[in-house]
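Thanks, everyone, for making the time. I would like to walk you through one model this morning, so please have it open while I talk.

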Amino acid sequence: MVIKAERTKFVNDKILIVAIDVGKDSLTCYLQGPQGQEVKPFRVSNKSDGLSMLWERSIAAMRRYECDRVMVGFESTGCYSEPLVNFMKDKPVTLAQVNPMHIKRMKK
């Protein structure tokens, strides 16, 4: 129980959540602020230009919602998520590989 409470505290404490549905050629991105504010889902390319656009939009949302941190959750899709992971590993974010059902819930 303690672990679940700590995880909930970590996620809710001034953090921007970026949920990503990883595809072969594109990423569908969902951004959510700490009070549940959402940015309309958008698509970007799964290449460096699209990943740069994702990062810029994430930073803009982080400033708008006055967040301190960014958590990026992405579904496990084998090698399709490698460009995203390699791009984000040098950024000040927390990366989390999540069950695809969690991303599906954010879509609804």
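This is a predicted model: local features need pLDDT of at least 70, side-chain atom pairs count only at pLDDT 80 or more; totals for chains, interfaces and linings use all residues.

Residues are numbered from 1 along each chain as its sequence is written, and side-chain values use heavy atoms, with hydrogens and water left out.

The protein chain has four helices and five strands, where helices (H or I, at least four residues) and strands (E, at least two) are DSSP runs numbered from the N terminus. Along the sequence, the pattern reads α-β-β-β-α-β-α-β-α. Of the 108 residues in the protein chain, 37% are buried; buried means under 20% relative accessible area, exposed over 50%, and partly exposed in between, with a 1.4 Å probe and protein chains only. If we take contacts between residues at least 6 apart in sequence, 53% of them join residues at least 24 apart, a contact being heavy atoms within 4.5 Å.

Let me turn to helix H2, residues 48–64, which has 17 residues and reaches 24 Å from its first C-alpha to its last, close to the 24 Å expected at 1.5 Å a residue; that expected span is 1.5 Å times one less than the number of residues. Which residues of H2 are buried? They are Gly50, Leu51, Leu54, Trp55, Ser58, Ala61 and Met62. Because they cover an arc of only 140 degrees around the axis, they sit on the same side of H2, the arc being that of the directions from the helix axis to the C-beta atoms. The face turned away from the buried side of H2 carries the exposed residues Asp49, Glu56, Arg63 and Arg64. On the buried side, the residues of H2 pack against strands E1 (15–22), E2 (26–32), E3 (38–45) and E4 (69–75), and against helix H3 (82–88).

That brings us to the largest nonpolar core, which has 24 residues, with Leu16, Ile20, Leu27, Leu54 and Leu84 having the most contacts inside it. By nonpolar core I mean a set of buried Ala, Val, Leu, Ile, Met, Phe, Trp, Tyr and Cys residues joined through side-chain atoms within 4.5 Å. Two or more residues come from each of E1, E2, E3, H2, E4 and H3, and H2 gives the most, with five.

Thr28 stands opposite Arg43 in E3. Five residues lie between the two strands, and Gly36 in the turn has a positive phi of about 90 degrees.

Finally, two loop residues. Glu66, in the loop between H2 and E4, has a positive phi of about 55 degrees although it is not a glycine, and Glu66 counts as exposed because its relative accessibility is 57%. Tyr80, in the loop between E4 and H3, counts as partly exposed, at 35% relative accessibility. Leaving aside residues up to four places away in sequence, Tyr80 touches Val22, Gly23, Lys24 and Asn46. Tyr80 and Leu27 are 53 residues apart in sequence, yet 9.7 Å apart in space, C-alpha to C-alpha.

Methods. Two strands pair if DSSP finds at least two bridges between them.
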